[in-house]
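Hi everyone, thanks for making time. I've got one structure to show you today, so let me put it on the screen.

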Amino acid sequence: MAIIKQFDKRSGITYVYDSKSYYDKEKKCSRAKRTLIGKIDPDTGEMIPTDGRNKGAKSKPDAVSNEIDKDKRIQELVDENRQLKLQISALKKELARIQQSK
């Protein structure tokens with residue numbers, strides 16, 4: 001296991017990878033499996049941890065959509081509650097009318 005720094009010329013960002021070497025029996029040579037662990041901050045020179053290639057960007061819309069779904073579900077329940085209260089009051093009035101007619 002080794003830490004590899006690789007500079008991307010297109011973006012100007014230096015990425016930090018965890019490299020694990022293994023022997024590929026089919027190709028009969030050694031290979032490396034790299035996992036992105038962060039990038040170097042150009043101002044401070046410190047490593048900023050990441051959770052993989054663009055995984056953070058993909059999880060944020062889900063979190064937002066979950067909030068939208070929660071808000072939508074809450075509104076649906078409020079509307080249902082309002083309808084049930086109206087039904088209860090209508091049934092109470094009908095019950096009172098039936099009891100008076102006896």
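I'll go through the sheet, then a charged residue in it, then a loop. Keep in mind that this is a predicted model.

Okay, the sheet. As a bit of background, strands of a sheet pair through backbone hydrogen bonds, either parallel or antiparallel. Here we have four strands in an open sheet, and going across you meet them in the order S1-S2-S3-S4, with antiparallel pairing. At the edges sit strand S1, residues 2–8, and strand S4, residues 47–49, and each of those pairs on one side only. Neighbouring strands are also turned against each other, by 50° on average if you ignore direction.

Let's zoom in on S1 and S2. They run antiparallel, and seven bridges join them. If you want a spot to look at, find Lys5: facing it in S2 is Val16.

Staying on strand S2, we come to Asp18. So, is Asp18 buried or exposed? It's buried, and yet it has no salt bridge. The nearest side chain of opposite charge belongs to Lys20, and that's 4.4 Å away. A salt bridge here would need the charged atoms within 4 Å. As for what Asp18 touches, leaving aside neighbours within four places in sequence, its contacts include Met1, Ala2 and Ile3, as well as Lys33 and Arg34.

Last stop: the loop between strand S2 (13–24) and strand S3 (29–40), where you'll find Lys28. Lys28 isn't a glycine, but its phi is positive, near 55°. And why do we call Lys28 exposed? Because its relative accessible area is 64%, and the cut-off for exposed is over 50%.

Key:
Residues are numbered from 1 along each chain as its sequence is written. This is a predicted model: local features need pLDDT of at least 70, side-chain atom pairs count only at pLDDT 80 or more; totals for chains, interfaces and linings use all residues. Side-chain values use heavy atoms; hydrogens and water are left out. Helices (H or I, at least four residues) and strands (E, at least two) are DSSP runs, numbered from the N terminus. Buried means under 20% relative accessible area, exposed over 50%, partly exposed in between (1.4 Å probe, protein chains only). Two strands pair if DSSP finds at least two bridges between them. Axes are lines fitted to C-alpha atoms, for helices over the stretch in contact, and angles run from 0 to 180 degrees between N-to-C directions. Lys and Arg count as positive and Asp and Glu as negative; His and the chain ends are not counted. Contact means heavy atoms within 4.5 Å.
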